[in-house]
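Here is a short report on one structure. It goes from confidence to domains, then to helices and backbone details.

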Amino acid sequence: MESTLGQYLPVFALLVLAALFASLSFGASRLLAPRRPNDKKLAPYECGIIPAKDTPERFPVRFFLIAMIFIVFDIEIIFFYPYAIIHRGLGMFGLIALLIFTAAVFESFVYLVSNGALDWGPIKKARLLSPAVSAERTTTSTVRKVGLEGRYVPPTSPMPDAPEEAA
Amino acid sequence: MAGLTNTLAGLDPLFLNGVTLEVLIIVLVKVVISFGVLLVSVMLMVWFERKLVSDMQNRIGPNRAGPWGILQTLADGIKLFFKEDLQPDSSDPFVFKLAPYLSLIPAFLTFAIIPIGGNFSDPSDPSKTGIITLPDWLGGESTYLQLADPPVGVLLFLAMSSIAVYGVMLAGWASGSKYPLLGSVRASAQMVSYEAALGLSLATIFLQSRSLSTHDIVADQAGAGWLGIIPHWNVIVTGFVPFVVFLIAATAELNRPPFDLVEAEQELVGGFHTEYSSIRFAMFFLAEFMNTVTLSAIMVTLFFGGPAGPILWDGVAWLWPILWFLLKLFVFLFTFVWFRATLPRFRYDQLMDLGWKVLIPISLGWFLFLAGRNVVDDRWPNTNGSLFSVEVLILLGITIAILTVGALLLYSAIRNAAEKRELEEVTF
């Protein structure tokens with residue numbers, strides 16, 4: 001058993017060396033680099049624009065969803081590894097068990113996909129003509145004007161005029 | 001005989017008799033050498049990438065520091081030591097300082113499991129299973145030309161690539177700034193998505209090699225394959241598909257073009273390390289390129305037989321495997337740079353669709369197919385010498401049926417999701 005743990009000795013030594021390298025570099029930079037902070041340097045970087053809002057503490061829930069789906073899948077994938085190592089010994093029994101397990105994994109995957117959990121971005125099969133662009137492309141329909149004139153107004157909006165009538 | 005037992009146990013013979021002072025010194029020397037090799041390889045890789053990309057774009061590229069600008073990276077690194085290290089007011093001080101460590105250290109550790117040399121040509125001969133015996137004036141110990149060979153070596157690689165996600169995520173979150181936060185959630189989602197595909201394509205390797213130890217996987221690929229000419233490498237034995245999936249997933253895992261959405265300059269400034277300057281930025285940069293080198297080395301190890309190759313001249317027999325390894329590594333490094341110079345960046349939804357809806361189902365199906373083939377092959381060995389026995393044809397039929405059902409299910413699920421979204425009129 002001792003020999004098995006011994007295999008990790010070089011990994012640990014490399015870890016110590018890497019950590020030492022990083023911290024020594026930071027130390028050296030602390031000694032060598034100038035320190036002249038001012039308000040502008042310490043503000044969040046936004047290409048020179050003064051930030052109008054604070055950094056949001058939330059981000060789109062979709063990313064969170066991906067993380068949760070990943071955890072489920074990663075655990076399922078890890079279950080494949082022991083099977084892969086000894087599958088020749090398990091024979092047909094193992095193969096059928098694997099098929100049942102995979103069916104369960106795949107079924108949950110199909111469920112996720114069909115509920116749109118893994119959909120991103122614009123609708124793939126989008127309506128061919130968005131109401132914002134009329135079929136008759138004239139200067140009045142393609143050149144945008146200031147204000148709402150010529151633009152698509154949702155039906156629920158209080159503005160009464162529809163795009164075609166406005167033109 | 002002792003050598004054979006060690007081979008069967010799949011353990012570095014260095015540690016079998018306990019850890020003595022001699023062993024400790026060898027370990028330290030190996031660690032320091034691979035540390036140095038890694039740093040130098042990163043230095044050369046950055047230069048190589050800049051030079052090659054500029055060649056492909058009809059520019060000259062770095063040419064001032066050293067011959068052909070080869071010391072450019074070193075000069076840049078030294079410059080970064082003298083740059084002011086800024087830390088935004090809104091950042092979380094502790095996590096902000098912790099994140100570079102979490103990126104850099106896993107990048108170093110992955111390299112530990114890669115066999116970079118040793119003669120693997122004959123599994124039946126104990127002296128040709130990757131064991132290097134030092135000359136007597138150096139102590140006469142025998143060891144592998146790899147830093148460590150834990151029995152779960154590939155899991156160590158997966159664990160390290162998971163920890164690297166923490167580095168990216170925490171760097172963006174701790175910056176207290178908008179673009180880094182967006183960049184880091186994108187990066188983490190991308191990295192975990194492709195890690196699933198990566199892990200599944202790895203499972204096919206374990207089907208063939210029946211071990212998680214990188215040394216055993218390389219030893220398993222030794223010897224001649226079909227017709228005696230084609231090598232018995234996993235890339236051929238597993239039928240190319242897992243390798244292609246792995247290559248794509250690895251590119252995404254590294255956040256390299258065409259999957260470099262993390263630092264899409266037009267949208268996110270510099271991505272998760274926008275707020276990092278000076279040597280802290282250098283650490284992220286170092287980790288990124290070090291990961292490129294180590295992941296290329298992992299691909300060589302898992303799919304291309306590691307250091308396997310003909311020994312053309314017996315005089316320096318120990319050097320040939322290292323040269324073959326470096327040559328294969330170089331091919332992959334070139335490929336990564338080539339990708340960057342050639343392919344335009346993906347859109348985020350395309351990236352996620354490719355990862356989840358294409359790569360994962362393909363590698364899952366391929367894994368099932370290979371497992372079925374192995375089991376059928378064991379149960380009804382193909383003795384009459386024909387290429388396709390009846391059992392194999394039956395298996396093929398069943399496989400195609402199962403895969404078709406799966407593909408249809410997935411296709412209808414995707415259609416269903418698209419229709420639902422259109423009904424709900426979700427717009428972005």
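## Confidence

What is the mean pLDDT of chain A, and what percentage of its residues reach 70 or more? The model is predicted. Chain A has a mean pLDDT of 77. In that chain, 71% of residues reach 70 or more.

Confidence in chain A is highest in helix α2 (residues 9–32), at a mean of 90. It is lowest in helix α6 (residues 163–166) of chain A, at 50.

## Domains of chain B

Chain B is divided into domain 1 (2–364) and domain 2 (380–428). Taken over C-alpha atoms, the centres of these domains of chain B are 33 Å apart.

## Helix α12 of chain B

Helix α12(B) covers residues 319–342, 24 residues in total. From first C-alpha to last it reaches 34 Å, close to the 34 Å expected at 1.5 Å a residue.

Several of its residues are buried, among them Trp324(B), Phe325(B), Lys328(B), Leu329(B), Phe332(B), Leu333(B) and Phe336(B). Residues three or four places apart in an α-helix point the same way, because there are 3.6 residues a turn. The cover over the buried residues of α12(B) includes α2 (21–56) and α11 (278–303) of chain B.

## Packing of α3 on α11

Helix α3 (residues 72–81) of chain B packs with α11(B) at an angle of about 145°. Their axes are 7 Å apart. From α3(B), the contact uses Gly77(B), Leu80(B) and Phe81(B). From α11(B), it uses Ser278(B), Ile279(B), Phe281(B) and Ala282(B). Five residues of this contact are nonpolar, two are polar and none is charged.

Ser278(B) has another feature: its phi is near 55°, a positive value in a residue other than glycine. Ser278(B) is buried because 22 other C-beta atoms lie within 10 Å.

Arg50(B) lies in helix α2 of chain B. Is Arg50(B) buried, exposed or partly exposed? It is partly exposed, because 17 other C-beta atoms lie within 10 Å. Beyond its neighbours within four places in sequence, Arg50(B) is in contact with Gly61(B) and Pro62(B). Arg50(B) and Ile60(B) are 10 residues apart in sequence, and their C-alpha atoms are 9.5 Å apart.

Trp68(B) sits in the loop between α2 and α3 of chain B. Its phi is positive, near 55°. Trp68(B) counts as exposed, because it has 12 C-beta neighbours inside 10 Å.

A cis peptide bond joins Pro257(B) and Pro258(B), with omega about 5°. Pro258(B) is in the loop between α9 (241–253) and α10 (265–268) of chain B.

Key: Residues numbered from 1 in each chain as written. Chains lettered and ligands numbered in written order. Predicted model: local features only at pLDDT ≥ 70, side-chain atom pairs only at ≥ 80, totals over all residues. Helix = DSSP H or I, 4+ residues; strand = E, 2+ residues; numbered from the N terminus. Expected span 1.5 Å × (residues − 1). Buried ≥ 20, exposed ≤ 12 C-beta atoms within 10 Å, placed from the backbone. Contact = placed C-beta atoms within 7 Å. Domains from an automatic or database assignment. pLDDT = per-residue confidence, 0-100. Axes fitted to C-alpha atoms, helices over the stretch in contact; angles between N-to-C directions. Nonpolar A, V, L, I, M, F, W, Y, C, P; charged D, E, K, R; others polar.
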